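Subject: Structure handover

Hello,

Here is the structure for you to look at. My notes on the sheet and the helices follow below it.

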Amino acid sequence: MDSDNRENLQDQVKDNPTSTEEEPMTEEKLSEQRQIRRDKLAELREAGRDPFKHETWDVTAHSKDIKDNFVAMEDQEVSMAGRIMTKRIMGKAAFFDLQDKQGRIQCYVKRDEIGEEDYKWFKTYDIGDIVGIKGKVFKTRTEEISIHVEELVLLSKSLQVLPDKWSGLVDQDIRYRQRYVDLIVNPEVRETFYKRARIVKAIKSVLEDDYGFLEVDTPILTTIAGGANARPFATHHNTLDLDMKLRISNELFLKRLIVGGLDRVYEMGKMFRNEGMDRNHNPEFTSMECYMAYGNMESVMDITEQVVYKAAMAVNGTPIITYQGKEFDVTPPWRRLNMADAVKEITGVDFDKITSDDDARKAAIGQGMDPEEVAGWTRGKIIAEMFETYCEDVPGYLDGPVFVVGHPVEISPLAKRDPEDPRITRRFEAYINGWEVANAFSELNDPIDQYERFVEQQRQLDTGEDDEAHPMDMDFVNALEVGLPPTGGLGIGIDRIIMLITDAPSIRDIILFPTLKPRKEND
């Protein structure tokens with residue numbers, strides 16, 4: 001573009017229109033507008049301009065890249081594609097905002113430059129229509145980086161009406177059900193999912209590049225839903241006439257691979273638990289589990305710290321996580337807190353002085369726990385239940401980051417016993433903002449001990465004492481008999497880490513398609 005033409009163009013576009021003059025949409029008007037769009041589509045097809053026939057468009061540039069590199073790209077010819085998000089017709093010229101995957105950029109169109117016929121049709125295009133453009137990069141006198149359009153093609157007609165500029169898309173239920181619209185009209189939502197991708201990439205980089213783990217895939221459909229204490233989803237394989245379950249954890253498969261000699265393996269993927277739903281729980285969620293031969297609980301503590309620290313740095317450039325107004329410094333090392341010590345600190349009950357199950361039950365009842373419920377509980381079970389009941393919900397107590405250690409054997413069927421106190425295990429849970437974000441063990445590799453714990457867990461499952469108890473898995477016991485080396489194992493709730501780093505108030509805000517109850521037709 002020569003300097004004279006640039007000056008003339010800058011005079012014409014010295015104002016920066018950014019919106020179409022519209023009125024808020026009523027239901028009646030929405031129905032009317034949808035019909036108008038279908039009528040426009042029919043007219044396009046009658047004129048031989050069916051927008052759904054165009055198969056491809058060569059995209060050579062994107063909005064943010066152009067803005068970030070304007071000095072190098074000024075006057076360059078670019079080819080772009082995206083949605084019309086605002087539009088303003090001014091006689092023989094028009095402005096519109098094109099939205100692509102990186103954001104928006106202003107476009108300037110003149111009838112005399114794209115042709116009278118194409119301009120006539122352009123004036124009928126709607127907000128949400130997808131177009132391809134070719135033109136040159138320039139800047140207006142008001143310093144608005146723009147595209148001077150020389151070719152414009154309708155690539156896809158939008159037959160729905162996007163939310164208007166007044167109300168936007170703020171209804172949470174609609175946002176989750178129509179995530180495709182949410183992503184179009186709410187740029188901060190798009191940014192959240194770009195951040196999610198960067199967090200996942202950072203975590204994988206720590207595991208693979210810093211610690212030498214191998215990424216693997218293990219079964220999602222299983223006959224035994226093991227590796228955790230949770231209620232599974234049940235299904236049926238017709239050909240095999242076999243009842244199956246969706247995995248609640250991939251732990252036991254990954255440990256089989258350690259037995260096989262792979263030494264360091266991890267998998268990040270979907271787990272499924274048929275349990276309650278709230279702002280921190282979705283029945284389908286993303287977990288990362290890794291297993292480190294010749295490692296232990298301390299080994300995977302280090303990995304936990306590095307995964308969270310480097311993920312926060314990759315996205316926010318700081319180890320300070322700001323979540324809903326609270327700040328958490330995830331710089332290693334993190335504090336450790338013994339579970340029994342926590343119970344003593346909050347309730348005053350000192351389990352160092354309580355050695356029998358009967359005395360433990362009396363102490364629990366003295367704290368207000370239901371006598372009938374605690375009747376069959378052991379000392380270790382009571383410590384765990386008192387921690388969950390009285391410590392986890394104390395505001396700020398587990399803000400952390402903190403590693404809670406000293407878990408009783410009764411609630412840790414896959415963890416190695418502590419050599420100094422066989423009543424507890426070499427296990428930790430990591431907490432940030434009072435949420436459990438990681439669970440890890442020095443893995444139990446004694447096949448006889450493992451078998452006996454499975455027997456007790458299966459008894460609780462069979463009697464209905466605990467419908468989330470771990471089922472017997474004889475093949476896993478057999479794998480331990482082949483020989484599992486000393487191993488450190490870790491599971492991290494990826495969705496919760498992403499919630500914290502992106503400051504998302506609900507797990508549904510960081511899952512593209514969260515689980516929702518289907519709407520009835522008249523809802």
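Two strands pair if DSSP finds at least two bridges between them. Helices (H or I, at least four residues) and strands (E, at least two) are DSSP runs, numbered from the N terminus. The model is predicted, so local features need pLDDT of at least 70 and side-chain atom pairs count only at pLDDT 80 or more, while totals for chains, interfaces and linings use all residues. Residues are numbered from 1 along each chain as its sequence is written, and side-chain values use heavy atoms, without hydrogens and water.

The sheet

Strand S17 (residues 435–442) pairs with strand S18 (residues 487–493) in the antiparallel sense, over five bridges. In S18, Gly491 is the residue opposite Asn439. An open sheet of eight strands, with mixed pairing, runs in the order S6-S10-S11-S18-S17-S16-S15-S14. Strand S6 (214–215) and strand S14 (335–338) are at the edges with a single partner strand each, so one side of each has no neighbour in the sheet.

The helices

Helix H10 (residues 251–259) and helix H17 (residues 474–483) pack at about 25 degrees, with axes 10 Å apart (axes are lines fitted to C-alpha atoms, for helices over the stretch in contact, and angles run from 0 to 180 degrees between N-to-C directions). H10 and H17 are therefore roughly parallel to each other (angles under 35 degrees). Their contact (heavy atoms within 4.5 Å) involves Leu252, Lys255, Arg256 and Val259 of H10, and Asp475, Phe476, Ala479, Val482 and Gly483 of H17.

Regards

Technical notes
Parallel < 35°, antiparallel > 145°, perpendicular 65-115°, else oblique.
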